Structure formats: structure tokens, C-alpha cells
Amino acid sequence: MDLIETRRALHRIPELGFNEVKTQSLLLNKIRQMPQEHLEIKTWRTGILVKVTGTNPVKTIGYRCDIDGLPIYEETGYSFQSEHEGQMHACGHDFHMTIALGILDKLSHQPVKDNVVVIFQPAEEGPGGARPMLESEAFKAWRPDVIFALHIAPEYPTGMVAVKKGLLFANTSELFIDLKGKGGHAAYPHLANDMVVAASAFVTQIQSIVARRINPLDSAVITIGKISGGTKQNIIAEEARIEGTIRALDPKTMADIKKHIESHVAGIEASYQCEASIDYGANYYQVYNEHKLTESFINFCKENNFPLTICSEAMTGEDFGYFLKEIPGFMFWLGVDSEAGLHAAKLMPHEEAIGHAVDIVSGFIRYQSRQV
Ligand SMILES: CC(=O)N[C@@H](CCC[C@H](N)C(=O)O)C(=O)O
């Protein structure tokens with residue numbers, strides 16, 4: 001399989017969570033071109049699970065990738081730029097899928113001793129595919145004994161592995177706040193309750209939560225990524241919507257932040273005479289790398305001279321955390337050396353990382369398959 005051509009084909013057709021219809025069909029088409037003798041294929045919603053039966057299995061090894069894109073207008077200037085206006089693979093899921101296909105291709109030609117289940121999971125960016133997938137009969141029937149995954153990392157050199165034992169990614173919660181006041185003529189503000197002003201005040205006020213309400217020794221982030229409201233420049237806005245995300249390394253800090261947000265919202269309701277509703281959307285559990293398996297992966301990388309660094313935890317979120325809550329395993333970063341970071345319209349990961357990752361992951365599956 002030509003992995004670069006495959007990555008570019010996937011890059012052209014980014015689709016949002018649970019709408020990955022063309023993506024699923026492209027993936028199935030690629031999987032069906034592989035030798036089928038050892039493969040069983042199942043679909044689950046817009047996702048896919050593929051089992052490779054081992055030669056003498058004692059356990060099942062899981063490898064998971066995510067398949068959805070983001071609502072971003074691409075600005076890479078690639079000849080294979082997104083054909084879906086306003087949508088882009090800006091978090092590397094085109095790389096993740098291609099690497100998973102490359103691993104599957106290798107295994108379909110030469111299975112290892114253990115069974116391997118390769119999981120193509122929808123909706124990582126939201127609303128979260130991991131949790132419902134874990135609960136599905138399709139997944140339960142092939143539930144792996146160990147599981148791992150990777151995420152591209154623009155800040156590391158191409159092909160470098162960055163990993164750590166224990167906590168790798170934060171607990172996250174989406175945040176949606178709807179404000180409803182009273183609209184009116186721009187020249188008569190005293191007769192209206194302006195929700196653009198209320199939303200602005202709220203966004204400014206909550207900056208003090210992390211700065212002044214959270215122990216500086218804890219790590220937390222509140223980011224408001226979108227504010228919308230109003231209809232015209234000379235009409236006072238009756239409604240506004242604030243959209244953001246909360247991150248915390250400790251679940252208790254997350255709960256505290258939510259309480260502080262709620263009291264700020266109550267304050268806005270009182271001082272701006274409006275009604276407010278809060279929706280926490282999708283919440284992701286932290287990514288916690290199991291020590292023994294991570295250690296085994298670190299040893300494997302060292303023994304095989306794969307470039308490796310031990311990293312710190314990050315405030316990113318990943319619903320792969322739900323898999324790791326139930327099944328021992330780990331996630332690692334794969335360096336792709338892009339000046340633009342994740343979720344940026346100019347993210348341009350280096351494609352040589354794909355081949356490196358296929359070698360690293362398929363090598364580790366083989367290595368892990370020899371351990372009981
Ligand atoms: C690796 C990465 O970038 N993951 C996303 C996960 C999004 C979670 C959810 N939609 C949220 O915004 O809280 C991230 O933004 O970290």
C-alpha cells in the first residue's frame with residue numbers, strides 16, 4: 001500500500017465526529033485490498049474494528065486510531081488540500097489512520113502470535129466516540145487485554161517518540177453557555193439588556209478562576225474558543241453563546257472550576273438581568289499510561305535505537321483515556337516537526353513520520369506478542 005498516497009486521500013476528505021462516512025468507506029476499501037485470510041472486519045457506527053487472528057494466541061493486543069476532522073478552514077496550500085470547505089484534518093487523524101492501515105497491512109501479510117485488534121474510532125474531537133464504542137457489543141466481543149495508541153506531536157523531530165509513565169493528558173470538559181437578555185436599538189441601551197456586554201464581562205471575569213481560585217501547584221486551563229451573539233452592528237444583542245473548554249490534571253480541580261464557573265454565571269445573571277444556561281458537553285477522562293507496559297515500550301525503543309524522549313504531561317485531552325481507564329496500555333507522542341501546531345489551519349506534519357511509526361508500532365506489537 002502506498003501510505004503517502006493514502007494519507008493524502010484521507011486528508012482530502014475530513015469529516016466531523018460520527019459523520020465520517022466517506023472516511024469509513026475509504027478505509028474499508030483499503031482494508032479489503034489486504035490479504036483477507038487472517039482478517040475479520042466489523043463496522044461500528046462510522047468506525048471500524050479489524051481483528052487479525054494470531055498464529056498461536058494467548059492474548060489480544062489492541063491498537064487504536066481516531067478518524068474525525070475539525071471545523072477549520074485549511075490554509076496549508078497543499079495540492080491535496082481538504083475538499084470539504086471549513087473542515088480539516090488539523091489534529092493529525094489522517095496520519096493516525098494511515099499508520100493504523102500500514103500496521104494492519106503488515107499484520108495481514110505476517111500475523112504475530114497473539115490476536116491483534118486494530119480500532120478506527122470516530123468522533124475523538126467531539127462528541128466522543130471512545131465511551132460508546134467501549135460499551136458496544138462489537139468492541140466487547142473482541143475486547144483487547146492491552147491497548148495502545150499514538151498522537152502526532154508538531155513540536156518534536158520527525159519520527160521521535162515522546163512518552164512518560166503515568167499521567168500524560170489532562171481531564172477535559174467542553175463548556176457551552178447560552179445567555180438570553182433583551183435586544184433593542186443601539187441608541188437606547190438603557191431599555192435593553194445587552195448580551196454582548198454580558199458575554200464579554202463573563203469571559204474577562206473567569207480569567208481570575210485559574211489565576212486566583214486554583215492552587216498554583218495544580219495545573220488547569222480555561223479557554224474560550226468562540227463567542228457568538230447579536231444580529232447587526234446597530235442592534236443590541238438579545239442572545240450570546242460562549243463556547244470553550246476546561247482542562248485540569250486533577251479531576252477534583254475540574255470539579256472546583258465548574259463550581260466557580262457556575263457562581264460567575266449566577267453573578268452575570270444577576271448583574272446583567274439575563275437568563276443563562278450551562279452545558280458541559282463532552283467530558284474526557286485523563287490519559288494515564290500504565291507503568292509496566294510503558295516501561296516495556298521505552299525499553300523496546302531503546303533496544304531498537306528508535307529516537308526517544310521522556311516528556312512531561314500536557315493539557316491536551318483525548319477520549320483514548322476511557323480505553324486506558326478499563327484496559328492497561330499507553331499513548332505516546334510521535335514527532336512530526338510542524339511549525340504550526342495541532343488545531344492550526346497551517347498544520348503540516350512531515351510525512352516521513354508515517355513510515356517510522358508503522359515500523360515502531362508493528363515492531364512493538366511483535367515484541368509485545370512474545371511477552372505473556
Ligand atoms: C489531542 C487533542 O487536541 N485533543 C482535543 C480533544 C478535544 C476534547 C473536547 N472536544 C474539548 O474541547 O474539551 C483537545 O482539544 O485537546
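1. Let me begin with Arg 45, which counts as partly exposed because 16 C-beta neighbours fall inside 10 Å. Arg 45 sits in the loop between β1 (39-44) and β2 (47-52). Its phi is near 50°, a positive value in a residue other than glycine. Please keep in mind throughout that this is a predicted model.

2. Phe 18 deserves a look alongside it. Phi of Phe 18 is near 65°, again positive in a residue other than glycine. Most residues other than glycine have a negative phi, and most peptide bonds are trans. Phe 18 belongs to the loop between α1 (3-12) and α2 (21-32). With 17 other C-beta atoms within 10 Å, Phe 18 is partly exposed.

3. A further backbone feature to check is the peptide bond between Gly 126 and Pro 127, which is cis, with omega about 0°. Pro 127 is placed in the loop between β4 and α4. Gly 126 also turns up among the residues closest to the ligand.

4. Now to the annotated site. The UniProt annotation "active site", from an unreviewed entry, covers Asp 66 and Glu 125. These positions span 60 residues in sequence, yet no two of their C-alpha atoms are more than 8.9 Å apart, so they gather at one spot.

5. Setting aside residues up to four places away in sequence, Asp 66 touches His 93, His 96, Gln 121 and Glu 124.

6. Glu 125, by contrast, is found in a loop, the one between β4 (115-121) and α4 (130-135). Glu 125 is buried too, with 21 other C-beta atoms within 10 Å. Which residues is Glu 125 in contact with, leaving aside its neighbours within four places in sequence? The contacts are Gly 17, Asp 68, Leu 70 and Cys 91.

7. On the ligand, 13 residues surround it, and the closest are Gly 126, Thr 172, Thr 245, Thr 316 and Gly 317. By class, this shell is made up of four nonpolar, six polar and three charged residues.

8. For the overall layout, the domain assignment gives domain 1 as 3-169 + 286-369 and domain 2 as 175-283. The C-alpha centres of domain 1 and domain 2 lie 35 Å apart. Seven residues from domain 1 and five residues from domain 2 take part in the contact. On the side of domain 1 that touches domain 2, the residues divide into three nonpolar, three polar and one charged.

9. UniProt, in an unreviewed entry, lists residues 177-266 as "domain: Peptidase M20 dimerisation". Over residues 177-266 the chain is 38% helix and 31% strand. The end C-alpha atoms of this stretch are 12 Å apart.

10. In α6 (residues 195-205), the residues Met 195, Ala 198, Ala 199 and Phe 202 are buried. Seen down the axis of α6, its buried residues fall within an arc of 95°, so they line one face of the helix. What covers the buried residues of α6? The cover includes β8 (171-180), β10 (220-229), β12 (239-248) and α8 (251-272).

11. Leu 347 lies in the loop between β17 (329-335) and α11 (352-369), and is buried, with 24 other C-beta atoms within 10 Å. The C-alpha atoms of Leu 347 and Ala 90 are separated by 6.0 Å, although these residues are 257 residues apart along the chain. Apart from neighbours within four places in sequence, Leu 347 is in contact with Ala 90, Pro 154, Ser 338, Ala 340, Gly 341 and Leu 342.

12. Last, please look at Glu 326, in helix α10 (residues 320-326). Glu 326 counts as exposed, since 11 C-beta neighbours lie inside 10 Å and the label applies at 12 or fewer. Glu 326 and Asp 145 are 181 residues apart in sequence and 9.7 Å apart in space, C-alpha to C-alpha.

Methods:
Residues are numbered from 1 along each chain as its sequence is written. This is a predicted model: local features need pLDDT of at least 70, side-chain atom pairs count only at pLDDT 80 or more; totals for chains, interfaces and linings use all residues. UniProt positions are given in the numbering used here, feature names are shortened, and annotations may be inferred rather than shown by experiment. Two residues are in contact if their C-beta atoms, placed from the backbone, lie within 7 Å. Helices (H or I, at least four residues) and strands (E, at least two) are DSSP runs, numbered from the N terminus. A residue is buried if 20 or more other C-beta atoms lie within 10 Å of its own, exposed if 12 or fewer, and partly exposed in between; C-beta atoms are placed from the backbone. The arc is that of the directions from the helix axis to the C-beta atoms. A residue is near a molecule or strand if its C-beta atom, placed from the backbone, lies within 6 Å of it. Ala, Val, Leu, Ile, Met, Phe, Trp, Tyr, Cys and Pro count as nonpolar, Asp, Glu, Lys and Arg as charged, and the others, Gly among them, as polar. Domain bounds come from an automatic or database domain assignment.
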